[in-house]
Amino acid sequence: MLPLPAFSDNYIWMLHDARHALVVDPGDAAPVLQALRDMGLSLQAILVTHHHGDHVGGVNALREATGAAVCGPAGETMPAPLKRLRQGDAVTALGLRFAVIDVPGHTAGHIAYYCPDMDGTPLLFCGDTLFSGGCGRLFEGTPAQMQASLDALAALPGDTRVCCAHEYTLSNLKFARAVEPGNQDLLKYLAQCESLRQAGRPTLPSRMATERAINPFLRTRETGVAQAARGFDAHVNPREAASVLAALRQWKNEFR
Ligand code: ZN
Ligand code: FE
């Protein structure tokens, strides 16, 4: 499993065995074609989480060049032909079975792909819904939808490898530190991620247990997080997770 860097901060996740590969959210075909050539692999499947250009831009070129099957959300405008997926569906590629989870919020039809067992560990491709230390912007969904989507992801096993579509970790963690300055797990994780980035390495995949401990958007029911959100916006209802999330998202949008 490897993250192919694309654009300034996207990752196109690639899984492969000795002969075949699958990719997730290929916004650009070039890095995928290069990796397939370098490793002598044939592309079997393309999984897409949502309709944004930095996730679908390479789909048609890859389909034409390789004949790979394309899967994507049933509820969004997608480069066709593709297999349209929604909650309850599953897709099999490389002998792995991925369950589809509806995660509206960033976009209205965003989906995630969850494999309960890849070499003994669960694996999640969550697109722009969950980032390490953060979450996607609410372009099409409501805070309540995003809260429910993040709840569904946070309920996955703690050892789930979380494959996010952007390297936003350091800026997310600096915001997270402003929300929870006393969170020791967060401060330790920030230091680890800073050394990874200094060494030119990805901070991803993360682990779900880590995200539950450090990601303020998965911690909207923690008293300290709710109080911090209320400090940003006095109208926040600290007992309503979606209200806390809405304030955190706005605060993050303005945070420098
Ligand atoms: Zn997006
Ligand atoms: Fe994106």
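**Exercise 1. Determine how many residues of strand 5 (residues 69-73) are buried, and which strands pair with strand 5.**

Solution. Strands are DSSP runs of E with at least two residues, and helices are runs of H or I with at least four, each numbered from the N terminus. Buried denotes a relative accessible area under 20%, exposed over 50%, and partly exposed the range in between (1.4 Å probe, protein chains only).

Step 1. Two strands pair if DSSP finds at least two bridges between them. Strand 4 meets this condition with 3 bridges to strand 5, in the parallel sense; Ala45 has Ala69 of strand 5 as its bridge partner.

Step 2. Strand 6 is likewise joined to strand 5 by 3 bridges, in the parallel sense, and Leu85 in strand 6 stands opposite Pro73.

The model is predicted: local features require pLDDT of at least 70 and side-chain atom pairs pLDDT 80 or more, whereas totals for chains, interfaces and linings use all residues. Residues are numbered from 1 along each chain as written, chains are lettered from A and ligands numbered from 1 in written order, and side-chain values use heavy atoms, without hydrogens and water.

**Exercise 2. State the strand order of the open sheet and identify which strands stand at its edges.**

Solution. Step 1. The open sheet comprises 6 strands in the order 1-2-3-4-5-6, with mixed pairing.

Step 1. Strand 1 (2-6) and strand 6 (83-85) each have a single partner strand, so one side of each lacks a neighbour in the sheet.

Step 2. Strand 2 (residues 10-16) and strand 3 (residues 20-24) run antiparallel and are joined by 4 bridges. Met14 has Val23 in strand 3 as its bridge partner.

**Exercise 3. Identify the residues that coordinate the iron ion (ligand 2) and classify the arrangement of the donor atoms.**

Solution. Step 1. Donors are N, O and S atoms within 2.8 Å of the metal (3.2 Å for Na, K and Ca); water is not among the atoms, so sites may look incomplete. Asp54 (OD), His55 (NE2), Asp128 (OD) and His166 (NE2) coordinate the iron ion at 2.1 to 2.3 Å.

Step 1. Four donors are tetrahedral if all angles lie between 85 and 135 degrees; four are square planar and six octahedral if opposite donors are over 155 degrees apart and all others between 65 and 115; anything else is irregular. The 4 donor atoms subtend angles of 85 to 169°, which makes the arrangement irregular.

Step 2. Asp128 also bridges the iron ion to the zinc ion (ligand 1), 3.2 Å away. Asp128 is buried because its relative accessibility is 3%, whereas Asp54, at 23%, is partly exposed.
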